[in-house]
Amino acid sequence: VSANQKAGFSVVSYTGTGSNGTVGHGLGAVPQLIIIKCRTANSTDWTVYHDDVGNAKALHLNSDGTGTSGSGFFNSTSPTSTVFSISTDNRVNQSSSHTYIAYCFAEIQGYSSFGKYTGNGNSSGGVGYTGFRPAFLITKRTDTSDNWAIYDSTRDTFNERDSYLVADLSQAEATFSTAKVDFLASGFKWRGAVNFGNANNGTYVYLAFAEQPFKYANAR
């Protein structure tokens, strides 16, 4: 385990057992997001635990699908301040011939946020409250299949931001007239009805990191 508790981030390497178990994460706080990848089987998915999806379903960072339900990933057990649980799916815990890497994130006020929101399908769109101005944002629709969309304040420096990358595809950066988002002093707001970010009554999860601590942030 290599952990930075102030940043709420740790990198964990572990060896599979093929049996239900737990893995220490070193954060000293409950992680809201965990990304796991098998290092010895190239074809396996990047498995994602998100607190707002729950412990009985795994998303996959390399897939636009709604995820895989069942106890095979996290043993239907939420993480604690010391460990996260794994079951027997080969994407998180196969036999001892397989090794894994896990990236664990605990929310830090003013620095990181992991949450959910509902889209409304119009140009004054769905809002995610983070408590800071984001520098980096990933969203994923969870009620139907759609892409993982990535926005940041380095490639696209002013609102409305319409340059995005897609985590589950190998395509280059793209823009689209309805795929626009504003980074606000306390969160983000969609400015179009794009399905991967702001469909009417669509449900979404997100992860975001701050440009500056909240007390210094200003909208652009």
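Predicted model: local features only at pLDDT ≥ 70, side-chain atom pairs only at ≥ 80, totals over all residues.
Visitor: How many salt bridges does the structure hold?
Guide: Side chains of opposite charge can pair when their charged atoms come close. Here a pair counts when a side-chain nitrogen of Lys or Arg lies within 4 Å of a carboxyl oxygen of Asp or Glu. By that criterion, the number of salt bridges in the structure is eight.

Visitor: How many residues apart in sequence are the parts that Arg91 and Asp45 tie together?
Guide: Arg91 and Asp45 form a salt bridge, with their closest N and O atoms 2.9 Å apart. Arg91 belongs to the loop between β8 (83–86) and β9 (99–105), whereas Asp45 belongs to the loop between β4 (33–38) and β5 (47–50), so the parts joined by this pair have a sequence separation of 46 residues.

Visitor: Are Arg91 and Asp45 buried or exposed?
Guide: The class of a residue rests on its relative accessible area, and buried requires a value under 20%. Both Arg91 and Asp45 are classed as buried.

Visitor: Which residue is linked with Asp45 and Arg91 in a network of salt bridges?
Guide: Arg91 forms a salt bridge with Asp45. The network that contains Asp45 and Arg91 also includes Asp89.

Visitor: What is the relative accessibility of Asp143, which meets Arg141 in a salt bridge?
Guide: The side chains of Arg141 and Asp143 come together at 2.7 Å, N to O. Arg141 is buried, its relative accessible area being 10%. Asp143, by contrast, counts as partly exposed, with a relative accessibility of 39%.

Visitor: Where does Glu173, the partner of Arg155, lie?
Guide: The closest N and O atoms of Arg155 and Glu173 are 2.5 Å apart in their salt bridge. The pair ties together parts 18 residues apart in sequence, because Arg155 lies in the loop between β13 (148–152) and β14 (163–166), and Glu173 lies in the loop between β14 and β15 (174–175).

Visitor: Which strands are the edge strands of the open sheet of seven strands?
Guide: The sheet has antiparallel pairing and the order β1-β2-β9-β4-β5-β6-β7. An edge strand pairs on one side only, and the strands in that position are β1 (2–4) and β7 (68–69).

Visitor: Which residue of β6 stands opposite Thr47?
Guide: β5 pairs with β6 (residues 57–60) in the antiparallel sense, over two bridges. The residue in β6 opposite Thr47 is His60.

Terms used: Residues numbered from 1 in each chain as written. Heavy atoms only, no water. Helix = DSSP H or I, 4+ residues; strand = E, 2+ residues; numbered from the N terminus. Buried < 20%, exposed > 50% of the residue type's maximum accessible area, 1.4 Å probe, protein only. Pairing = 2+ DSSP bridges.
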